[in-house]
Amino acid sequence: MEEKLKKIQQDFLNKTKDTKTLAQLDELFIALFGKNGQLDELSKQFKDVPKDELKKVGPLFNQIKQQLEISINEKRGTIRKQIYQSLQNEKFEIPSERTGRKEKKGHLHPVTQFEEDIVKLFEKLGFVQTDAPQIDTDYNNFEVLNIPENHPARDLWDTFYIDTTNYKLQTNKLLLRTHTSNAQIRILKNNKPPIRVMTLGRCFRYENADARHEHTFEQFEIVYVDKDVSMTHLQYLSEYFFKSILGKGIQARLRPKYYPFVEPGVGVDASCAFCKGKGCKVCAGTGWLELAGAGMIHPGVLTRGGIDPDQYSGIAWGVGIERMTMLKYGIEDLRSLKSGDLKFLGRF
Ligand code: DAH
């Protein structure tokens with residue numbers, strides 16, 4: 001058994017190294033982790049292994065499984081980087097070159113520019129960027145974060161569920177992630193403290209669109225776990241973030257708020273950049289604007305991530321990116337950001 005495992009390990013590490021495209025990598029992933037994949041097949045044989053041997057083989061199995069998953073993920077990152085670089089070198093034919101009309105240069109979307117700024121900001125504090133899928137399991141998006149089925153908190157995050165009846169999948173509960181918090185369990189499982197990881201990307205909700213809400217939007221999230229991490233770090237990071245992005249005069253305020261996966265949970269407010277905290281139309285007269293949700297990671301979530309809550313504590317913090325972009329640039333309607341209106345987007 002041990003030999004078989006090691007053979008799979010070697011074989012797949014080599015294959016991962018040799019893959020050249022994301023599609024090949026996906027195939028490899030399925031051959032390894034999919035239903036009837038090599039690991040699944042091997043684990044079916046566990047029932048015939050003597051107990052003594054199983055004690056050794058079990059942990060080895062998990063260790064190798066984790067190693068292979070990490071190596072595939074790393075390779076995915078490398079290939080993405082290569083694709084990105086090759087696209088940067090690609091030369092597009094610009095129509096104005098043919099017509100002789102004055103060339104009008106494009107630029108990155110304001111939300112993308114903003115995302116790049118945030119990532120640089122947190123890289124300075126030693127945070128490393130990671131990724132989580134936009135289509136995820138009910139477990140990763142909800143259950144593991146203390147939001148079981150039928151929990152009233154699900155109403156806050158109503159989303160789009162995927163009909164999987166016609167696909168042979170390991171789980172039939174797939175959905176469009178409602179927040180980047182679906183990355184939390186992966187971050188905790190795949191890293192050892194001290195952990196400083198950030199993630200960002202697209203999220204979805206079953207939501208009526210208005211000037212401040214969209215069904216499709218971006219979030220940014222950080223997870224910081226170490227010995228003696230406390231709410232003070234949360235206050236500091238919130239202020240660091242707001243001051244760097246919105247201006248030195250901005251203050252951060254933590255206000256008690258319920259999120260099932262943190263204890264205590266807080267809403268993070270920034271003093272209103274428009275009226276300097278005096279109260280105006282944008283902040284509904286309060287002088288503050290809620291920008292993020294955060295808190296101390298719940299001991300149950302840490303435990304499920306393989307981290308001992310008696311030894312370590314952590315904070316998690318998630319912010320809506322479009323909301324902050326609106327504030328930064330004084331945009332009144334969030335929907336204009338995805339409008340594709342070049343006259344509007346050209347302003348940034
Ligand atoms: N995921 C939450 C939401 O989208 C925001 C959030 C709250 C993120 C608390 C966190 C957190 O990391 O600790 O509404």
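Asparagine 150 counts as exposed, because its relative accessibility is 74% and exposed means over 50%. In this predicted model, asparagine 150 is placed in the loop between α7 (138-141) and β3 (161-162). Its backbone has a positive phi of about 70 degrees, although asparagine 150 is not a glycine. Most residues other than glycine have a negative phi.

Lysine 276 gives a second case. Its phi is positive too, at about 55 degrees, and lysine 276 is not a glycine. The residue is found in the loop between β8 and β9. Lysine 276 counts as exposed, because its relative accessibility is 67%.

Cysteine 275 also has its place in the loop between β8 and β9. Its relative accessibility is 11%, so cysteine 275 counts as buried; the cut-off for buried is under 20%. From the C-alpha atom of cysteine 275 to that of leucine 68 the separation is 53 Å. Along the chain, these two residues are 207 residues apart.

The backbone also holds cis peptide bonds. Most peptide bonds are trans. The bond from proline 193 to proline 194 is cis, with omega near 0 degrees. Proline 194 belongs to the loop between α8 and β5 (195-204). The bond from glutamate 263 to proline 264 is cis as well, again with omega near 0 degrees. Proline 264 lies in a strand, β8, which covers residues 262-271.

The protein chain contains 12 helices and 10 strands. Its C-alpha trace spans about 70 × 60 × 40 Å along the principal axes. The chain has 348 residues, and buried residues make up 43% of them.

Arginine 212 lies in the loop between β5 and β6. Its relative accessible area is 36%, so arginine 212 is partly exposed. Arginine 212 and tyrosine 167 are 45 residues apart in sequence. In space, their C-alpha atoms are 36 Å apart. Glutamine 235 is placed in a helix, α9, which covers residues 231-246. Glutamine 235 is partly exposed because its relative accessible area is 26%. The C-alpha atoms of glutamine 235 and leucine 334 are separated by 27 Å. Along the chain, glutamine 235 and leucine 334 are 99 residues apart.

The ligand comes next. The ligand sits in the second largest pocket. Around the ligand there are 16 residues, of which His179, Ser181, Arg205, Gln219 and Glu221 come nearest. By class, this shell has seven nonpolar, seven polar and two charged residues. Three strands each supply at least two residues of the shell: β6 (216-226), β9 (288-297) and β10 (313-320).

The side chain of serine 181 has an N or O atom 2.9 Å from a nitrogen atom of the ligand. Glutamine 219 has a polar side-chain atom 2.9 Å from an oxygen atom of the ligand. Tryptophan 317 takes part through its backbone: a polar backbone atom of this residue is 3.1 Å from an oxygen atom of the ligand. On its own, the ligand has 350 Å² of accessible area, and the protein covers 95% of this area.

Conventions. Residues are numbered from 1 along each chain as its sequence is written. This is a predicted model: local features need pLDDT of at least 70, side-chain atom pairs count only at pLDDT 80 or more; totals for chains, interfaces and linings use all residues. Side-chain values use heavy atoms; hydrogens and water are left out. A residue is near a molecule or strand if one of its heavy atoms lies within 4 Å of it. A polar contact is a pair of N or O atoms within 3.5 Å; within protein, one must be able to donate a hydrogen and the other to accept it, and residues adjacent in sequence count only if both atoms are side-chain atoms. Accessible areas come from the Shrake-Rupley method with a 1.4 Å probe; for residues, only the protein chains shown count as cover. On a 1 Å grid over the protein atoms alone, a cavity is a set of points where a 1.4 Å probe fits but cannot get out, and a pocket is an open set with protein on both sides within 12 Å along at least five of seven lines; lining residues have an atom within 4 Å of a point. A molecule sits in a cavity or pocket if more than half of its atoms lie within 2 Å of its grid points. Helices (H or I, at least four residues) and strands (E, at least two) are DSSP runs, numbered from the N terminus. Ala, Val, Leu, Ile, Met, Phe, Trp, Tyr, Cys and Pro count as nonpolar, Asp, Glu, Lys and Arg as charged, and the others, Gly among them, as polar. Buried means under 20% relative accessible area, exposed over 50%, partly exposed in between (1.4 Å probe, protein chains only).
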